[in-house]
Structures are given as C-alpha cells and as structure tokens.
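This briefing covers a sheet, a helix contact, aromatic pairs and a few single residues. Please have the structure open alongside the text.

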Amino acid sequence: MALCFVVVVLLFYYAWKVLNWVWFTPRNLEKRLREQGYNGNSYKILFGDLKEMAFIIKQFNSKPVSFSRDTVVPRVIPFISKTVEKYGPKSIMWFGPRPAILCFDPEIVREVLSKSYVFQRPPLTPLTKLLVQGVGAYETEKWAKHRRLVTPAFHPDKLKNMLPAFYLSCNDMLSKWEEIVISDDGSCEVDVWPYLQNMSSDVISRTAFGSSYEEGRIVFELQREQTELYGLASQSVYIPGWRFLPTKINKRMKEIAKEVQSCVLGIINKRMREMETGEANSDDLLSILLESNSKEIQQNGNKYGMSCEEVIEECKLFYFAGQETTSALLAWTMILLSKHLDWQSRARDEVLRAFGTRKPTFDELNQLKIVTMIFHEVLRLYPPVPTLTKMTQKETSMGEEKIPAGVKIIIPSILIHTDKEIWGDDAKEFNPHRFNEGFSKGQILSYFPFGWGPRICIGQSFAMLEAKMALTMILQRFSFDVSPSYAHAPRTVIALQPQYGAQLLLQKL
C-alpha cells in the first residue's frame with residue numbers, strides 16, 4: 001500500500017509538471033504579455049507556432065528570389081516577417097510552450113545586449129550541446145572565466161602572426177581556380193561557395209592547431225556533418241528525454257561527438273608534450289589557450305582554469321563560428337560585387353594602389369578604406385546571424401515594460417539593419433558609400449552583425465582580417481561577374497548562406 005501510494009504521488013507530481021509546462025505556464029505568460037500590448041497567434045498546446053513555422057520555412061526555401069530586399073528578408077526570416085506584417089512590431093511567437101517577443105527599438109536592443117547577466121541565452125538543448133558549447137554558450141561567472149582565458153588568442157599581435165596561415169589557405173584556393181580558368185581559355189563559371197568553405201576551414205585548422213592542422217581537418221569534417229544533422233533534428237519541437245531514444249540522428253550525433261572529443265584530445269595531449277619539451281609553436285590558438293589556462297591555474301588554482309573537456313569545447317567553437325562566419329561573408333561579398341561591378345573596380349583599384357600584386361601586410365590590410373566599407377555594407381544587408389535571441393531568467397524591466405521570466409526576446413537584426421528611418425530611403429540597397437564618413441550615431445546604435453555589448457563576438461577581428469586577406473588576393477588575380485545560372489536564395493543554416501551555391505563567371509587578370 002505504501003509503495004502504491006508513493007507511485008501515485010510521483011505520477012501525480014510529474015503529470016502536474018508536464019501539464020504546467022505545456023499549458024498553465026504558457027497561458028499565464030500569454031495573458032501577461034497581451035496585457036502589455038503584445039499581439040500574435042493564440043498558444044497551441046505543446047507545438048505553439050512550430051508547425052506553421054516549419055510549413056512557411058519549407059515554402060520559402062522551395063524557390064529562389066530576386067535581389068530585392070522586399071523578397072530577401074521574408075525568405076531569410078519568413079515567419080517573423082509574416083508575424084510583423086499581421087500583428088505589428090509588438091508581436092508574440094510561440095516556440096513550442098515558450099513565448100517569444102520581438103524587439104526593434106535600437107535603444108532597447110542595446111539595453112538587452114549590454115545587460116548580459118540579466119538577458120541570457122536560452123538554455124542549450126542536449127542536441128545543441130553535442131554540436132558546440134564553449135564561451136559563446138556559457139553564462140555569468142563561467143562565461144567571464146572563459147572569455148578572460150580565450151581573449152589572449154585574439155590579441156592584435158597574435159592575429160599578425162596568423163597572416164601567413166590566411167595567405168597559404170587562400171593561395172591554395174586561388175591556385176585551384178587558376179587551373180580551372182586557364183584550362184577553359186581564361187574564363188569560366190565556378191561555384192565559389194564550396195571553395196570558400198574549404199578555404200576558411202583550412203584557415204581554422206592551421207590557426208587552431210598549427211603543425212597539426214591536417215589532423216584538425218578531420219575535426220572540421222565531423223563538425224560539418226554534425227551541423228547538418230543538428231539542422232534536421234532542430235526542425236521538430238524539443239521534448240525532454242527525446243535525446244535518449246535510439247533514433248538514427250541521435251545515435252550518429254553522439255558518435256560524432258565522441259569522435260571529435262577523441263581527435264581533439266589527442267591533439268591537445270600531443271601539444272602539451274611538445275610544450276613541455278619546448279617544441280610547440282606558440283602562435284596557434286591551441287598553444288595560446290593552453291598557455292593562458294596553465295598560467296591561470298598556477299596563479300589561482302584549478303577552479304579558475306578550464307578542464308581538458310572545456311578546452312576541447314573552445315576548439316570546437318572556434319571551428320564552428322570561425323568557418324561559418326567568414327565563408328558566408330566572402331560569398332555574399334563576391335555575389336554583391338558581381339552585381340555591382342563599379343564597386344568591384346573601386347575595391348580592386350584601391351588594392352592595386354596600396355600594394356600591387358604582392359602579399360599585403362597586417363597594417364596595409366587595416367588601412368583599406370573601400371574594402372572595409374564594402375564589408376560593412378555586406379554585413380548590414382546579409383548579417384551572419386539574422387536574428388539574436390535572449391531570454392529573461394526572472395521578471396525584468398525592458399524599457400518601460402515588465403517582461404515575465406521565461407520569455408524569449410528576438411532581435412531581428414536583418415530588419416533593423418534596413419530600417420529607412422535610420423539608414424535612409426536606400427536602406428534596402430547595396431551602397432557602401434554610406435560608410436564613407438564612418439557611422440552616424442543612429443547607425444552605430446542600429447548595427448550589430450557580430451552582436452554588441454560585453455558578449456560581442458570575440459573572433460570578429462579574426463574574421464574581418466581573414467576576409468580582407470582573401471578578398472584582396474581574389475581582386476589581385478580575378479575579375480568576376482554573376483553567372484546566369486546563379487539562383488539568389490539566402491538561407492540560414494547556422495549562418496546566412498547561399499542555398500544553391502554562388503555561381504560566378506571568373507576571369508583571370
């Protein structure tokens with residue numbers, strides 16, 4: 001009898017928790033948000049808007065669009081665009097039982113992004129943890145510790161030492177292009193997207209692991225497969241405990257996570273032995289990270305340093321974020337410069353005036369004004385992450401509103417980046433000249449392709465330097481035009497990517 005009573009109590013307890021999760025809490029949050037003027041679809045038990053989101057995303061991803069911003073933005077963030085069109089900027093959306101509100105006001109956006117201890121990232125699902133963690137996923141004290149230990153790797157002096165790796169990887173890519181173009185009478189169509197992906201992954205392998213970069217490539221290939229599997233898994237609502245089911249995707253993701261951990265651990269152990277004997281290269285990310293971590297542990301104890309597993313996660317994050325961001329930035333830059341040949345000519349003239357056909361230096365790359373203006377404009381129109389997401393941990397003031405705990409806050413940067421009141425009547429057009437005199441106050445508040453505040457992307461200088469080196473070398477050797485076979489189809493898969501590739505007509509100079 002006693003055992004039966006305990007079982008009944010436990011069943012009642014967990015039944016109440018599930019019911020509270022899927023119904024009472026969402027309904028209460030919906031009521032409180034509507035009282036503050038937010039509108040949107042009514043909550044549907046368990047799934048919320050996820051089914052409609054999946055349908056709309058599939059619908060928009062089924063065909064390309066024109067270059068018009070009136071068609072690009074709805075394709076990139078279709079459900080957000082539809083929700084804003086129907087309910088206005090103060091909208092509610094439902095990610096399963098979790099409500100999300102949109103935040104457009106630049107002043108409030110800065111408030112949200114600057115208060116990193118108040119507005120935090122939504123908790124990672126178990127499948128997301130298999131993909132990547134690292135400093136970008138942590139919060140509060142753990143984030144502060146990792147940020148402090150990782151920062152030395154991205155110091156300008158360290159970035160200078162990584163330039164040869166940028167050059168080698170890009171030169172390998174351009175040599176392949178030259179072979180293709182020369183064999184086809186000096187001009188032909190090339191899908192540059194896979195080449196840019198491989199080039200940036202090669203850069204990450206070299207700069208992360210130095211002499212062990214061939215072993216690092218294996219990690220990248222596994223991470224790429226993991227990303228594809230995660231994309232498939234994330235299309236359905238997250239259900240607690242689902243990861244334990246032996247589905248094909250779950251099993252493969254766990255296998256990959258173990259393989260990656262084993263590969264990186266082997267590289268780390270090898271590097272630590274090299275450091276002990278004085279044979280290690282101190283310029284790559286892994287050596288810098290291990291040295292920074294070792295000093296911290298020696299000075300303050302183990303609890304202030306990172307475990308071996310945490311070092312592995314930081315290496316995985318470097319792969320994940322560095323490769324995705326830079327390859328996408330370069331792809332969109334080449335595509336837009338193919339559509340705007342006048343700006344391609346201006347950029348090439350600047351490069352040739354600055355250093356001709358020779359290898360550029362760190363300082364010379366940072367002095368390229370027109371190239372920098374072009375990158376700013378590309379990042380404005382095609383930010384790597386089109387939306388930023390935070391979440392309230394407790395009832396929180398946001399502007400003049402009180403946002404209850406457990407609400408996601410979505411910042412649609414791709415919409416804010418093209419607001420005519422901030423950027424002018426040509427806000428949806430490609431016009432790098434708008435950055436000729438830098439940023440106006442309103443533009444500074446409304447431009448955050450790498451995030452903003454204390455959690456701004458730690459690798460943005462790395463990504464920009466790599467992109468400048470790559471574009472410079474491309475402009476020195478090739479001119480390029482958009483191919484008739486190119487289909488414009490921006491799609492977010494971790495970062496904003498060209499769904500059907502980037503087919504360009506390359507001409508050897």
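**Sheet, helices and rings**

Strand β4 and strand β6 (residues 388-392) run antiparallel and are joined by two bridges. The model is predicted. In this pairing, Phe119 lies opposite Thr392 of β6.

**The sheet**

- The sheet is open and made of six strands, ordered β1-β2-β3-β9-β6-β4, with mixed pairing.
- Its edges are β1 (39-40) and β4 (119-120), each of which pairs on one side only.
- Strands of a sheet pair through backbone hydrogen bonds, in either a parallel or an antiparallel way.

**Ile409 in strand β9**

- Ile409 belongs to strand β9 (residues 408-411).
- Ile409 counts as buried because its relative accessible area is 0%, and the cut-off for buried is under 20%.
- Leaving out residues up to four places away in sequence, Ile409 touches Ile101, Cys103, Phe119, Leu388, Thr389, Lys390, Thr392 and Met398.

**Helices α9 and α13**

- Helix α9 (residues 192-209) and helix α13 (residues 308-339) have axes that come within 8 Å and cross at roughly 145°.
- The crossing of α9 and α13 is right-handed.
- On the α9 side, the contact includes Val192, Trp193, Leu196, Met199, Ile204 and Phe209.
- On the α13 side, the contact includes Cys315, Phe318, Tyr319, Gly322, Leu330 and Met334.
- By class, this contact of α9 with α13 has 14 nonpolar, eight polar and no charged residues.

**Aromatic pairs**

- In the whole structure, a search finds 17 aromatic pairs.
- Phe439 and Tyr447 form a tilted pair, with 5.0 Å from centre to centre and 45° between the planes.
- Phe439 counts as partly exposed because its relative accessibility is 28%, whereas Tyr447 counts as buried at 11%.
- Ring pairs also join Phe154, Phe166, Phe318 and Phe462 into a cluster.
- Phe318 of this cluster is also one of the α13 residues in the contact with α9.

**Ser483**

- Ser483 lies in the loop between β10 (478-482) and β11 (490-493).
- Is Ser483 buried or exposed? Ser483 is buried, because its relative accessible area is 4% and buried means under 20%.
- Apart from neighbours within four places in sequence, Ser483 is in contact with Glu189, Gln503, Leu504 and Leu505.

**Helix α4**

- In helix α4 (residues 78-87), the buried residues are Pro78, Phe79, Ile80, Ser81 and Thr83.
- Just after α4 comes Gly88, with a positive phi of about 90°.

Conventions:
Residues numbered from 1 in each chain as written. Predicted model: local features only at pLDDT ≥ 70, side-chain atom pairs only at ≥ 80, totals over all residues. Heavy atoms only, no water. Axes fitted to C-alpha atoms, helices over the stretch in contact; angles between N-to-C directions. Helix = DSSP H or I, 4+ residues; strand = E, 2+ residues; numbered from the N terminus. Left-handed = near helix turned anticlockwise from the far one by under 90°. Contact = heavy atoms within 4.5 Å. Nonpolar A, V, L, I, M, F, W, Y, C, P; charged D, E, K, R; others polar. Pairing = 2+ DSSP bridges. Buried < 20%, exposed > 50% of the residue type's maximum accessible area, 1.4 Å probe, protein only. Phe/Tyr/Trp six-rings, centres within 6.5 Å; stacked < 30°, edge-to-face > 60°.
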